[in-house]
Amino acid sequence: MAARPVSRGGSPHPSVKVGAVLVDRKGREIAKASNRFAHGLDRRRPERYRDGAKSLWINCAEQIAVVEALRKHADTKDARLYVTLEPCAVCAGLIAEMRLKEVFVPAGSFRRYARLKSKWKDSIEIGLVKLAEAGVKVTAIDAE
């Protein structure tokens with residue numbers, strides 16, 4: 001999802017492209033998204049990509065998938081989230097509030113993003129603690 005061209009819903013982030021798919025209890029897709037600018041925002045403005053600014057302009061894939069599911073009035077009871085990188089602290093809080101039971105991430109995804117800034121590594125570590133405390137299982141799966 002995130003690797004698609006931006007014109008087809010892919011991520012505009014230059015280095016960290018994250019995708020998320022929310023599925024219902026029967027495994028049917030409810031919503032999918034990539035990290036991107038909110039609808040209506042101009043992604044072509046270069047100052048929005050400057051160091052320190054990207055995270056203020058680009059929304060996480062998990063957030064956008066949740067909004068899409070809510071917009072569709074989807075039944076999220078017992079839904080599961082598949083995401084290409086462990087959720088940050090903010091998204092982990094959102095996932096806990098949704099009362100999702102399980103999040104799936106590719107095995108070793110955190111290690112593959114070696115270029116992540118320390119603030120994001122710290123945020124992911126806090127996110128994992130939040131998910132554990134909220135009883136949300138994080139399962140590493142073999143995925144490409």
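## Packing of H2 against H3

In this predicted model, Glu-62, Gln-63 and Val-66 of helix H2 meet Val-90, Cys-91, Leu-94 and Met-98 of helix H3. The two helices, H2 covering residues 61-71 and H3 covering residues 89-98, pack at an angle of about 30°, and their axes lie 9 Å apart. Because angles under 35 degrees count as roughly parallel, H2 and H3 are described as roughly parallel to each other. The crossing that H2 and H3 make is left-handed.

## Helix H5 and its two sides

Helix H5 runs over residues 118-133 and has 16 residues, and the distance from its first C-alpha to its last is 23 Å, which is close to the 22 Å expected at 1.5 Å a residue. Within H5, the residues Ser-123, Ile-124, Gly-127 and Leu-131 are buried. When H5 is seen down its axis, these buried residues fall within an arc of 100°, so they line one face of the helix.

On the other side of H5, Ser-118, Ala-132 and Glu-133 are exposed. Just after the helix, Gly-135 adopts a positive phi of about 80°.

## Thr-139 in strand E7

Strand E7, made up of residues 137-141, contains Thr-139. Is this residue, Thr-139, buried or exposed? With a relative accessible area of 18%, Thr-139 is buried, because buried means under 20% relative accessible area. If its neighbours within four places in sequence are left aside, Thr-139 is in contact with Glu-102, Val-103, Phe-104 and Val-105.

Note on methods: Residues are numbered from 1 along each chain as its sequence is written. This is a predicted model: local features need pLDDT of at least 70, side-chain atom pairs count only at pLDDT 80 or more; totals for chains, interfaces and linings use all residues. Side-chain values use heavy atoms; hydrogens and water are left out. Helices (H or I, at least four residues) and strands (E, at least two) are DSSP runs, numbered from the N terminus. The expected span of a helix is 1.5 Å times one less than its number of residues. Buried means under 20% relative accessible area, exposed over 50%, partly exposed in between (1.4 Å probe, protein chains only). The arc is that of the directions from the helix axis to the C-beta atoms. Axes are lines fitted to C-alpha atoms, for helices over the stretch in contact, and angles run from 0 to 180 degrees between N-to-C directions. Angles under 35 degrees count as roughly parallel, over 145 as roughly antiparallel, 65 to 115 as roughly perpendicular and the rest as oblique. A crossing is left-handed if the near helix is turned anticlockwise from the far one by less than a right angle, and right-handed if clockwise. Contact means heavy atoms within 4.5 Å.
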